[in-house]
Amino acid sequence: MSQYLIHPIPMGSKVFDKGMMTYQYGYGEPYTIPIYCWYLEGGDRKVLIDTGELNPIQSEDRQQKIGGRIYTFEEGLAKYGLKPEDIQVVIHTHLHRDHCENDYKCVNAQFFVHQKEIETIRAYHPLDYRYVEDFILEVEQNGQLTLIDHDREILPGIRVVHTPAHTPGGMSVLVETPGGRAVITGFCTIFENLYPPQAIRGMDMEVIPPGTHVNAHEAYDILLKTKALGDYLLPLHEPRFAGLETISGPVPHD
């Protein structure tokens, strides 16, 4: 089976209340998250998970808060000798705009998206304003979309699992690495969601649902299920990855 090195590339950031990540916890605490594009190095295809923001703010303040440099799409790929047209496969965790704004640049890529995300982006609820269909129109019109309706292997060593905690069509990506099976979560979380502090565990809560979710109770159960899918977890917006060049095994979460 193929094994991959995972390169988390910060391609944007957001500043908001921490409670946007951690449901019923951390409200009122200012928090900055990185927005990643994940390059999977290995196998015989050039693979990305998500494509990040189109015009990220690259301020010193933002970069200091996440602990790493913020790149444009082109800058981030160039670190690995790549251009957008070199990308052959893009797997989307979901279709909130900050995860797909550079899709149109990947003119030679096959995109894997859950069917429910396409349905949702075309008729989203006003509460979930993060969907912007314009960012996927070109790849859709070009016939580059492959819709997923069941858990499946994408490439040897890369598998997707439907985990609709954050959005109806959210998919977590299971990646075989030298240090075991990594799970890049299909929902917007940080380490505290999956490994809560004692104050939360003391209330008999094993995880914290995402601050933005489809259903809080179901999201809680999905996070528990996801924790059992691999050897280690990579929450989608965890800041400590911003300073890492490569992930090939478990990252300390304490």
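The model is predicted. Its protein chain contains seven helices and 11 strands. For 254 residues, a compact globule would have a radius of gyration near 18 Å, and the 17 Å of the protein chain agrees with that.

**Overall shape and surface**

- The C-alpha trace of the protein chain spans about 50 × 40 × 35 Å along its principal axes.
- Of the 254 residues in the protein chain, 54% are buried.
- The protein chain has an accessible surface of about 10,700 Å², and carbon and sulfur atoms account for 48% of that surface.
- When contacts between residues at least 6 apart in sequence are taken, 64% of them join residues at least 24 apart.

- Strand β1 (residues 5-17) runs antiparallel to β2, and 11 bridges join the two.
- Within this pairing, I9 stands opposite C37 of β2.
- Strand β2 also runs antiparallel to β3 (residues 47-49), to which it is joined by three bridges.
- W38 has I49 in β3 as its bridge partner.
- The hairpin of β2 and β3 has five residues between the strands, and G42 in this hairpin takes a positive phi near 150°.
- Because 10 of its 12 residues are buried, β2 is largely enclosed by the rest of the structure.

**The five-stranded sheet**

- An open sheet is built from five strands in the order β7-β8-β9-β10-β11, with mixed pairing.
- Its edge strands, β7 (152-155) and β11 (232-234), each pair on one side only.
- On average, neighbouring strands of this sheet are turned by 30° against each other, direction ignored.
- Strands β9 (residues 171-177) and β10 (residues 180-184) run antiparallel and are joined by five bridges.
- Strands of a sheet pair through backbone hydrogen bonds, in either a parallel or an antiparallel arrangement.

**Nonpolar cores**

- The largest nonpolar core has 36 residues. The members that touch the most other members are I6, W38, I91, I154, I158, I184 and L234.
- Strand β2 (residues 30-41) gives the most to this core, contributing five residues.
- Another core, of 24 residues, lies apart from the largest one. Among its members are L48, F73, V113 and I136.
- I154, a member of the largest core, is in contact with V89, I91, F112, I148, R159 and V160, leaving aside its neighbours within four places in sequence.
- In soluble globular proteins, nonpolar side chains tend to be buried together.

**T163, a buried loop residue**

- T163 is found in the loop between β8 (158-162) and β9.
- T163 counts as buried because its relative accessibility is 0%, and the cut-off for buried is under 20%.
- Not counting residues up to four places away in sequence, T163 touches G170, M171, S172, G186, F187, I222 and T226.
- T163 and A219 are 56 residues apart along the chain, and their C-alpha atoms are separated by 8.5 Å.

Notes
Residues numbered from 1 in each chain as written. Predicted model: local features only at pLDDT ≥ 70, side-chain atom pairs only at ≥ 80, totals over all residues. Heavy atoms only, no water. Pairing = 2+ DSSP bridges. Helix = DSSP H or I, 4+ residues; strand = E, 2+ residues; numbered from the N terminus. Axes fitted to C-alpha atoms, helices over the stretch in contact; angles between N-to-C directions. Buried < 20%, exposed > 50% of the residue type's maximum accessible area, 1.4 Å probe, protein only. Contact = heavy atoms within 4.5 Å. Core = buried A, V, L, I, M, F, W, Y, C linked by side-chain atoms within 4.5 Å. Rg over C-alpha atoms; globule rule 2.2 N^0.38 Å. Areas by Shrake-Rupley, 256 points an atom, 1.4 Å probe, with all protein chains shown as cover.
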